[in-house]
Amino acid sequence: MIKISSEWDAILEEEFSSAEYLALREFLKKEYSQYTVYPSMYDIFNSMKYTSFENVKVVLLGQDPYHNVGQAMGLSFSVPDGIDVPPSLVNMYKELYAETGIKPKPTGNLTGWARQGVLLLNAVLTVREHQANSHKGKGWEFFTDSIIKKISDKKEHVVFLLWGGNARSKKRLIDDKKHLVLECAHPSPLSAYNGFFGCGHFVKTNEYLIKNGIEPIDWSL
């Protein structure tokens with residue numbers, strides 16, 4: 001495993017040296033040696049490499065990485081240039097267009113959001129090829145819960161976007177007296193019509209950031 005950045009490494013020092021994380025590391029060594037696992041081991045922590053702790057304005061929580069060839073890039077909901085835009089992200093673009101008039105991008109690459117302060121964090125950071133949720137319950141939740149809690153405790157005026165049951169279960173980690181928590185259904189085609197469409201979260205996010213003197217997100221990037 002590799003280091004993230006001096007900032008994140010210092011903030012997560014206790015987690016990186018914990019028994020839970022060391023056990024997770026051993027599990028991952030075996031998984032990467034025996035199976036095809038996504039994303040590349042060099043991309044596992046991309047969410048934090050693209051978004052420094054200091055710059056976190058929004059936390060967009062996903063469940064686990066895409067499990068098909070070429071999709072996972074260490075950022076929740078994002079896929080590299082040249083890969084078909086996944087259905088959930090297609091629906092996110094539809095909602096963004098309905099709220100703001102920003103036309104859907106031809107690519108599903110969300111590094112433009114990440115560089116502006118949108119932490120694209122999955123609850124579980126690795127997965128076996130073609131086996132969704134295969135690394136659930138192996139230790140990542142301890143680590144990513146700690147990240148959410150650290151952001152909640154050490155920062156102010158962050159927007160947490162909790163879409164779907166898995167993400168909404170993390171609400172208990174967030175101090176909603178000093179942050180904005182926005183909840184709705186997951187953008188998946190199976191649930192988007194149950195409350196994701198029409199949620200207004202992209203606009204509400206920027207309204208909150210502006211109200212608190214923080215540069216809003218340019219969702220077109």
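Modeller: Buried means under 20% relative accessible area, exposed over 50%, and partly exposed in between (1.4 Å probe, protein chains only). This is a predicted model: local features need pLDDT of at least 70, side-chain atom pairs count only at pLDDT 80 or more, and totals for chains, interfaces and linings use all residues. Residues are numbered from 1 along each chain as its sequence is written, and side-chain values use heavy atoms, leaving out hydrogens and water.

Start with the cysteines. Cysteine 184 is buried, at 6% relative accessible area. Cysteine 199 is buried too, at 8%. A disulfide is a pair of cysteine sulfur atoms within 2.5 Å. The sulfur of cysteine 184 has its closest cysteine sulfur in cysteine 199, 4.2 Å away, so the two are too far apart for a bond. Across the whole structure, the search finds zero disulfides.

Now the cores. A nonpolar core is a set of buried Ala, Val, Leu, Ile, Met, Phe, Trp, Tyr and Cys residues joined through side-chain atoms within 4.5 Å. The largest has 33 residues; Trp8, Phe45, Trp140, Phe143 and Ile151 touch the most other members. Elements giving two or more residues to this core include helix H1 (6-11), strand S2 (58-62) and helix H7 (140-154). H7 gives the most, with five residues. Helices (H or I, at least four residues) and strands (E, at least two) are DSSP runs, numbered from the N terminus.

A second, separate core of 30 residues includes Met92, Val118, Trp163 and Cys199.
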